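Hello,

Here is the structure I promised to pass on to you. My notes on what turned up in it follow below.

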Amino acid sequence: MRKALNRLIDELHRLKEQGYEGVEVSARAFAQLKEAVEHQLAQAGPSIAPIPASSATVVDPAPSPTAVNREPPAQTHPVRSTFAQPEPRPVPAREPSAADHRPPPPATQSSNLPAPPVFEIPAGSKTEQLAWLKDRVLSCPVCTSHLRPGKQLVFGEGSPDAAIFFCGEAPGADEETQGIPFVGEAGKLLTRIIQAMGLSRETIYIGNIMKWRPETGSDYGNRPPTLEEMAFCMPYLEAQLEIIRPQVIVGLGATALNGLLGYDPERRITSVRGQWFQHGSIPVMATFHPSYVNRNGTNRIKRMIWEDMLAVMERVGIPISPKQQAYFT
Ligand code: URA
């Protein structure tokens, strides 16, 4: 039960990281959650904080202007967690709680990584250069030191001549098992999106900011990489972009954008999605991470990510059929 609660806390933090500004839970689920926490408190002493009235308050069912999911399921009493409020920074010292096993926000965490790697890409064809880079990444002692037994680094895959580079955050459990980016639930959706664009995984490129899965100590859940972790891996992504030279990067979610555009704690994916940014000379389309869409599968959100893909198709000159134009309208 405690593990499940910790996973729930992790998940809420991850959702926040991805741009959610609130979550809705049914009154029944809320009551069950409260009961579970109270039970844990009784069993485990005060190390788990009770759900305070100020952190989860039953509110009127009217959707807030900032709520992402504007379609509350029938029969629910939306509950908004306090992560809708701006957090004070720097993070103040506080009593340890059950949430302490998760890392502090990226800006405050230090993991003692060495300086990011510096290297030169040898001359050769794009295919040869990517093969060289892959070897270098897969044998990077810092990257490999972050692997659990039997798990793999995830370099990226796709066409060396790709016009579109989809950039995610970091491998998850499925990806570190297979050594391939976006093969889990989020990956299945990304693959469907790519296919709906009339493309295939072989004709585009898929990579991540991180080449290893940020450690969570288990197969469950994911955590966003720290700034230091991202900084260490960025030269590898830069080299991939340098070799492939895509026409466009699709930045999938807030963490990918932090890596590509620079860390900005104020940037909200819900505000910036659909906008063009620049990474060096390459245009970056900001859009939702597919896992956000999986969790918040309203037609409104699907249409938004699809509109972002239509903008990408237009920018790289992919013809858009009337059928494609009308998806999710
Ligand atoms: N999420 C990501 O950001 N990247 C992956 O490769 C898989 C899931």
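Which polar backbone atom is 3.0 Å from a nitrogen atom of the ligand? The atom belongs to A170. Before the rest, two words on the source: this is a predicted model, in which local features need pLDDT of at least 70 and side-chain atom pairs count only at pLDDT 80 or more, while totals for chains, interfaces and linings use all residues. Residues are numbered from 1 along each chain as its sequence is written, and side-chain values use heavy atoms, with hydrogens and water left out.

**The ligand**

Around the ligand sit G168, E169, A170, E175, P181, F182, N208 and H289 (a residue is near if one of its heavy atoms lies within 4 Å). By class, this shell has three nonpolar, three polar and two charged residues (Ala, Val, Leu, Ile, Met, Phe, Trp, Tyr, Cys and Pro count as nonpolar, Asp, Glu, Lys and Arg as charged, and the others, Gly among them, as polar). N208 places a polar side-chain atom 2.8 Å from a nitrogen atom of the ligand. The protein buries 94% of the 230 Å² that the ligand exposes when taken alone (Shrake-Rupley method, 1.4 Å probe).

**A cavity**

There is one cavity of 30 Å³ or more (a set of points on a 1 Å grid over the protein atoms alone, where a 1.4 Å probe fits but cannot get out). The largest cavity holds about 50 Å³ of space, counted as the space filled by probe spheres set on the points. Its lining (residues with an atom within 4 Å of a point) consists of H146, R148, E176, R213, P214, E215, T216, G217 and S218. Of these, one is nonpolar, four are polar and four are charged.

**Aromatic pairs**

Seven aromatic pairs are present (ring centres within 6.5 Å; planes under 30 degrees apart count as stacked, over 60 as edge-to-face and the rest as tilted). One of them, W212 with F232, is tilted, at 6.1 Å centre to centre and 50° between the planes.

Best wishes

Key: Polar contact = N/O pair within 3.5 Å; in protein donor to acceptor, adjacent residues only side chain to side chain. 1 Å grid on protein atoms, 1.4 Å probe; cavity = no way out; pocket = protein on both sides within 12 Å on 5 of 7 lines; lining within 4 Å. Phe/Tyr/Trp six-rings, centres within 6.5 Å; stacked < 30°, edge-to-face > 60°.
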